[in-house]
Amino acid sequence: MPLPYTPIDEDSNNALYSGDLAFLSRTAAELFDLSLEQDIYEVIGTRLKEMVGEAFVIINEYDDNTRLFRTRALKGLGGFAGTVVKLLNRNPEDMAVVLDDPEALEVLLTGKMARGPAGLYELSFKTIPRLVCQTIEALLHIGTIYVMGFARQGELLGDAVIICRRGENETRVAQQTLFIETFINQAALALHRKQAEEDLRKSEETHRKFIEHAPFGMYTTNLKGEFTYLNKKLENLTGYKREDWLHKPYHSLVHPDDLDFVQEKIRRRLNGKIGTDSYEIRIFNAKNEIRWIRISSESIFEDTKEGKKLAGMQAFVEDVTKIRRSEDITRTLFAISNAVTATNNLADLYQQIHQLLGKVFDVTNFFIVIVDTKKHTLHFPYCVDTMDKDFSSIDNFDENGSLSGLVVSRQKPILLKKKELEQRAAQNGVWGPVPLIWMGVPLMIRDEVIGVIAVQSYTDAGLYDEQDLQVLASVSGQVAIAIERKQVEEALRKSEALFKLITENTSALVSIHDSNGDYLFASPSHEQLGFRPEELIGKSGFAMMEEEDIGPLLAHLEKARKNEISAAFLDYRLRDKNGSIHYFRGSFDAVTRPDGSLERIVCVGEDITELRKAQAEKVDALALAAETEKLALVGQIAGKMAHDFNNILGVVMGNAELALMDCPHENTRKTLELIFEQTLRGKNLTKNLVAFARDQEPRQEFFRMDEKMELVMALLKKDLEGIRLIREYGSGIPEILADPGMVEHAVVNLIQNSIHAVSLAEHPEIIVRTYYQEECVVLEIEDNGCGIPSGSLKEIFEPSFTLKGSKDTAGMYKTGIKGTGYGMSNVKKYVDQHKGRISVHSELKKGTRVAVSLPVIKKDLTDEEIQEIKKENICCRKYILLVEDEQAISDIQRRILTQEPLHHRVDIAAGAQAAVDLVNMNPYDLISLDYILPGELTGMDVYHHIRSKNKTVPVLFISGNIEFLESIKDLKQRDPYMDHLSKPCKHLDYIGSIHKLLAGLPT
């Protein structure tokens, strides 16, 4: 309730000062005690309204970036609120104005109360019509307007506007200038501290410890008014232990005269009529003494399916029984408050405190001590003394070794006079010169001593008394808060600098997300994915993640929301800005709020794409080696069987054909025809067996895929009768460089498989299509036949595997159709030899689609390839020998080596002997050598001849022959001047390998 403000006599004047002191002490503590959820602007507005009586109070928040004032609290309208809303056509609490007056800004930054504009029209920076302003002024009897900024270190946080009503109210406000200025400076400090708290909220454990050891009491109650939690400070404050409070009703501790008031507060809160509330009541402590406490309370809500539901109340408590201050303490508190706001660092603050205390008592000899209770040391960051020049740190202090140590140990203010000091000095209990009087008080934070502030005199034994000790003790609380705040600010700056240093110099993705997964922070390393950090802020972190990986992460986050886990380690995939997938392995750490709910997620992820790729290549290599070894063994057996079987078939086929020429009997003729047909089938089987067994290197030439398809379908014309054949040939398809015989044989096998598959289809149909995609010519053969069982798809490329003939247990093929079991094996073998890809998609009783992709080798370098070569500074103008018997390949190699931008000089040898002769005649800089050559000599023979004449000339083998690839491994270890590429190879790979050998780079 408002305090009396009109002094009558000297005693009443002292009472006024005491009342002001009590009010400011309560408000200073109240502003310090505010929880993160409490609206500080509402509290400031409420308290300022109590100070200015009938005046109206407006509390504004200021945004320096937008220069926008936004009203956060408006007090005093009362019954006029509705009329004002109608006049303004909006709620005044929703108003915002732009500060575009430099002079007004300069006044607000002084932190002094000043007369404001003459009326509401100027106060609103002319945003409200003048007539409306005049009407409101007449309605509310508005007189003088005062303004004062919430300012700190040149930064404007907001302002307070006091609109006086004409008459006594104007006089009352004018007489309280110092009182109001001090309160608003305290509020500015509280606002700044509030912002710092928002930035410095810590983890749940840290927050819990802070609450447990906070310098104010705290408790929570359920809806019945029973206590569910209280902290250590509240135990000390009341004398009750925690077990004495828990699950007991609120009213059991309240004074009977205040019980109805408390019950009404609870009832109103249950009805949702109270938000943040502050009031004072009386309670009985453990000694049955009456204590006044100030309670700042608010509701606790929990999230339910139906929305937020009231669960109880939480409150902050302070013992205000002994809140009395003298005029000296009041003025000192005012000055200290301003000093804390104005100084930039601890050194400046210490000096300000020293000067300000000098106005209250003698501080000729003054020092501040900082204590480290863990290391048990005392450190003197500030000291002024006429006799003692040694203020070095004290190790292993105790109350018997120094006066400051005595204060730390006892944790209370101490005043020692001459006799006591002499006694302690005799027992070595004084560090340094012995004063005649000494006074020290502890600097306390959360019931822990962080330092000591002390004064002493060597000349006047009666210089200080208990009142001075009380003044010094009163100052110590704010000094301790200021020291802690400055320490936190400095620690935060160092922490932010370290965090910035780490995140700017790591390749790992470091990010911070809110509870929904949206980016709050992204490290510069995100640029490796093509994203600038600033463009990710506010966007979902799931946007880049593969959909299949989101589920596991959400499951971990849900556990974090339930406080079941704090960290998760996951493998996941992200897409970069170009759509490429990167594999990551990372940690996801949950940061929770004090209530246990998820506040944010900290993620650190390492790119393991190359690791995954290397692992996959290793697995593929081992599988290929095993497959090659298996197929080689099967091939040897199959080749011998085919050779022997062909001899038998030749005899049977010849005799059957001769017998048919002279056979006069119909039944015998049918038997002979059956024998002849089966020998033809056997011949086809041996053809596939021979193809499978033979390790034949492709003989490559350029041709068009659609022309080859037409040739095959002409050969199979009779077999295709009765089948609807659909041709879908793409336009602009380039020629491919491949073995035409192998491609023809592969196409025959694929179309024959489709012919067999549609043998029982009601409307048989086969589609053959070609198109160009991703530097490959693609051939697809699709039918609507019987399909392949899903369990057999992995086996179709196995030698001798078939689903036809005796294996057709489900009757999916027409009677008499049999398979060799080697057709698809040969197709896969041909595709692999050409570095192509084959895929099979089939659905039982619906059909099969086989797609074969063969890489395109262009006859000339593209513009992009030429630019890449120029950028890499490839070796040019060398003398090179090409040993290659296939003219199509040698023509390409010669063109790309002799033209722009390489300009090499090139000779070509089509055979081994020609190569040997050219090596004998010319000093080549490099030799490009094929392994398979016509005649008796191979590329290896040519290589040995080259090395007999020149040990260092670079040799680049070009071959896809399996036998060669196995033998080259040991050779490469012995000869650093040779390398190899498998056919077919890309132009840039070929040019790059030549460059490495010419430049002497490791291959």
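Leu498, Leu501 and Ile502 come together in a nonpolar surface patch with about 300 Å² of accessible area in total. Patches here consist of residues with over 30% relative accessible area and no salt bridge, with nonpolar side chains (Val, Leu, Ile, Met, Phe, Trp, Tyr) joined within 5 Å and like charges within 9 Å. Accessible areas follow the Shrake-Rupley method with a 1.4 Å probe, and for residues only the protein chains shown count as cover. Ile502 belongs to helix α17 (residues 466-504) and is partly exposed at a relative accessible area of 47%. Buried means under 20% relative accessible area, exposed over 50%, and partly exposed in between (1.4 Å probe, protein chains only).

The model is predicted: local features need pLDDT of at least 70 and side-chain atom pairs count only at pLDDT 80 or more, while totals for chains, interfaces and linings use all residues. Residues are numbered from 1 along each chain as its sequence is written, and side-chain values use heavy atoms, with hydrogens and water left out.

For the protein chain, the secondary structure comes to 30 helices and 34 strands; these are DSSP runs numbered from the N terminus, helices being H or I of at least four residues and strands E of at least two. Of the 1003 residues, 46% are buried. The accessible surface comes to about 51700 Å², and carbon and sulfur atoms hold 51% of it. Among contacts with a separation of 6 or more, 62% link residues 24 or more positions apart, a contact being heavy atoms within 4.5 Å.

Asp101 sits in the loop between β3 (96-98) and α4 (102-109) and is partly exposed, at 31% relative accessibility.

Another loop residue, Leu34, lies between α1 (10-33) and α2 (40-52) and is buried, with a relative accessible area of 7%. Leaving aside residues up to four places away in sequence, Leu34 touches Ile40, Val43 and Lys194. Leu34 and Lys194 are 160 residues apart along the chain, yet their C-alpha atoms are separated by 8.5 Å. Helix α24 (residues 823-833) is mostly covered, with eight of its eleven residues buried, including Met824, Val827 and Tyr830. Just after α24, Lys835 adopts a positive phi of about 55°.

The structure holds 38 salt bridges, each defined as a side-chain nitrogen of Lys or Arg within 4 Å of a carboxyl oxygen of Asp or Glu. One of them pairs Glu765 with Arg724 at 2.8 Å, N to O. Glu765 lies in strand β26 (residues 765-773) and Arg724 in strand β24 (residues 724-729), so this pair ties together parts 41 residues apart in sequence. Arg724 is exposed at 53%, whereas Glu765 is partly exposed at 22%.

Glu780 and Arg849 also meet in a salt bridge (4.0 Å, N to O). Because Glu780 is in strand β27 (residues 776-783) and Arg849 in strand β29 (residues 847-855), the pair ties together parts 69 residues apart in sequence. Through shared partners, salt bridges join Glu728, Arg769, Glu780, Glu782 and Arg849 into one network.
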